[in-house]
Amino acid sequence: MPPRRSNLRSNRPAGHLLLLGCSDRKRDVKGQLPALDLYDGVNFRVLRSFLHERSWPPGLCIKILSAKYGLLDATELIETYDQRLDEATAREKNREVLKALDALDRPSSIFVNLGLDYLPAIKGIEDLFEKQRIIHAEGGIGSKMAHMKRWLNALPGTTATLPGKRSSPSYLYFFPDWDDYVTEPFVHETAEADPQLETTKRYAHEIFGANDVPYDGMLVSLAQIYTGKGTLSRLDEKKVKRTDLRKAMRVPKRLLLFGDCGAFSYVSEDAPPFTAEEAARLYHRFGFDVAASVDHIPLPEIVVENKKGELEKRVLTDMERRQRMELTAINAERFLAARRKHRHQFTPIGVIQGLDTKSYVGYVHDYIDMGYQHIALGGLVPKPDSEILKICCAVREAIQTRTRTEKENVWLHLFGILRPKIQPMFRLLGVSSFDSASYLRKAWLRSDQNYLAADGKRWYSAIRVPLSSTKRLVETAKEQNISEEELRAMELRCLVGLNNFTGNKQTHQEVVEAVNEYGPLLKRRGEDNHFFEKHDAVLTDRPWEKCRCPVCREIGVDVVVFRGTGRNKRRGFHNTWVLYHKILHGK
């Protein structure tokens, strides 16, 4: 790894500094938010709009003068408060504020947007920075806001891009693939068998069509090679052509192929199953557009097999966790070197693993020193929202500090992270892309959140109609003296009722009675078996009728039936479609 960057300050002016006064108006929330998101005055709305549209220009430092917290970074996490900064208090804070400003590297331009009461706090700023580089917003609130907007829009620089993506800011979503496809056409169990019917497997991008795909690319793990699951496991690495993976998965050209190592699949091993050089070669051979360096997750504990062949938990020592973190960084440097040496045709993304905020930030600096323009944060999945947000805020501040002399900002990816409560803040903090299969898997892994309404605001529980051949169902039937023939008849009654469902009172009652008699026979471990109200709610609202996605239009009520991979994965595809088009892009 390269030596740690020097802490010496640069005397050459670079980057840009925006000084804002806090606002009386704040978001009514509990807990901490980034200052940039907590304050809700007009200037902060303009600033957030700019960052959504343009993302963070390289080297832009935003400092906020707060009545309670003094001079703070826009990414700093703070709680709401009720305190006003008057002229006398501003004078008292002057020495503290100037000291904080003096600690900053010299910016090439400074824009000051402060009210009259706040100005005494920065009296003497001309002695710190060259006067000609300082611009003060003038006029009333509207004029100052317009002036600031012009200054922001004139700032140079963009964010590093990915192949085929334009230079304007992006918030890309990558869909992780582990053989998630369905068989077409969908055939209902009550339909007559057609021996001439030809079926084919289809991925989500084929179901929705090239112009309506609910993701910007697919994340495919090299781990598929040795796990035996996934398209990569079925391709011969020695004979494969760079176009074969895309052809096998029938991925449209406009979608990116993003490769990673699938670190969770080998998290219990002492080391990754391949070297940085091997991974780089494989990415190139399989034709990936974007490729992640080889990482090793420093979890607090792992599951291993003991001498008796039994699985047990083993706590990793602090040294072992740090070794994994350091190995990840060493692999990142070797990965980049291999890509350069062999001129592999993919965009390299350096994966960072950390133990805490400090370690993530430290490695951000190191990876930029290595030459990475694209960085990914790994190991965040087990962490709570509050810790993830803290890490992302600190990483953004670090990136802005390090890109003062750059023409492009760093592309930042979050591995495996989709957190609905804080997702909007990721984009505000300049996250460029993320991946997650969360909304796909909710379709069958949750008891109360299986189907997402088309407006993205409400989850519904799916209607449980288990296969009558299910072992636990058969066992329960025997306990209740229900014959296999009677069990199949109960199952068929549910399926026929659903197939005939029109929404009127009679068909509604028929489905509810049939499902509530049959469904509870499947005893679910650790799950509430009482779905009566949930079933009634989804049948009453009929949310699939309000959705325009191809899945809902094709199979109707069956999209909310919890039964087999055909229905469950289609429902997962629908959820992903709503996530992408409604929640992420507001269409």
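Predicted model: local features only at pLDDT ≥ 70, side-chain atom pairs only at ≥ 80, totals over all residues.
Close-up 1. Cys-61 takes part in no disulfide, and the nearest cysteine sulfur, which belongs to Cys-393, is 14 Å away. For Cys-393 itself, the closest cysteine sulfur is that of Cys-392, and because the separation is 7.2 Å, the two are too far apart for a bond; the cut-off for a disulfide is a pair of cysteine sulfur atoms within 2.5 Å. Cys-393 has a relative accessible area of 3% and is therefore classed as buried.

**Close-up 2. The open sheet that contains strand β1.** Five strands, in the order β4-β3-β1-β6-β7, form an open sheet in which the pairing is mixed. The edges are taken by β4 (70–73) and β7 (134–136), each of which has a single partner strand, so that one side of each is left without a neighbour in the sheet. On average, and with direction ignored, neighbouring strands of this sheet are turned by 20° against each other.

**Close-up 3. Strand β1 and its two partner strands.** Strand β1 pairs in the parallel sense with strand β3 (residues 60–66) over six bridges, and within this pairing His-16 stands opposite Leu-60 in β3. Strand β1 also pairs in the parallel sense with strand β6 (residues 109–113), here over five bridges, and Leu-18 stands opposite Phe-111 in β6.

Close-up 4. Because six of the six residues of β1 (residues 16–21) are buried, the strand is largely enclosed by the rest of the structure. Helix α2 (residues 42–54) lies across β1, β3 and β6, and runs at about 145° to β1.

**Close-up 5. Met-319 in helix α10.** Met-319 is located in helix α10, which spans residues 318–342. With a relative accessibility of 58%, Met-319 counts as exposed, because the cut-off for that class is over 50%. Met-319 and Asp-216 are 103 residues apart along the chain, and their C-alpha atoms are separated by 38 Å.

How values were computed: Residues numbered from 1 in each chain as written. Heavy atoms only, no water. Helix = DSSP H or I, 4+ residues; strand = E, 2+ residues; numbered from the N terminus. Buried < 20%, exposed > 50% of the residue type's maximum accessible area, 1.4 Å probe, protein only. Pairing = 2+ DSSP bridges. Axes fitted to C-alpha atoms, helices over the stretch in contact; angles between N-to-C directions. Contact = heavy atoms within 4.5 Å.
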